[in-house]
Amino acid sequence: MVQPAYVEAEITNDGELCGSIAVAHRGRCSFDEKVARVATAGAVALVVVNTDDELFTPGGEDMDAWTIPVVGVTSSDGVRLASAATATLIVAPAVVPPDA
């Protein structure tokens, strides 16, 4: 989890984020600011946890400048992510033939 959790100020745990997928809460600053701070800290992606159990798509005025992928998740999914924060996640790309 990013510190501060809303990424409204300078990140204090950037050493932990380098090469990782960052998880932050929605609110207190724009998505553009969150993405810029997290990317500068070295994260490879950002998951933004919503304030309620609705799915949403993060967006901003300067999305073309985003250098990492960003997704939004529900509040309950955010709780699950936080409880698994020390787990290792292995993501393997799937190659799907064009005719599938």
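A salt bridge is counted here where a side-chain nitrogen of Lys or Arg lies within 4 Å of a carboxyl oxygen of Asp or Glu. This is a predicted model, in which local features need pLDDT of at least 70 and side-chain atom pairs count only at pLDDT 80 or more, while totals for chains, interfaces and linings use all residues. Residues are numbered from 1 along each chain as its sequence is written, and side-chain values use heavy atoms, with hydrogens and water left out.

View 1. Helices (H or I, at least four residues) and strands (E, at least two) are DSSP runs, numbered from the N terminus. Asp77 is partly exposed at 31% relative accessibility, whereas Arg80, at 52%, counts as exposed; buried means under 20% relative accessible area, exposed over 50%, and partly exposed in between (1.4 Å probe, protein chains only).

**View 2. Arg28 and Glu8 meet through their side chains in a salt bridge (3.6 Å, N to O).** Arg28 belongs to the loop between S1 and H2 and Glu8 to the segment before helix H1 (14-17), so the pair ties together parts that are 20 residues apart in sequence.

**View 3. Helix H2 (residues 31-40) has the buried residues Phe31, Asp32, Lys34, Val35 and Val38.** Seen down the axis of H2, these residues fall within an arc of 160° and so line one face of the helix, the arc being that of the directions from the helix axis to the C-beta atoms.
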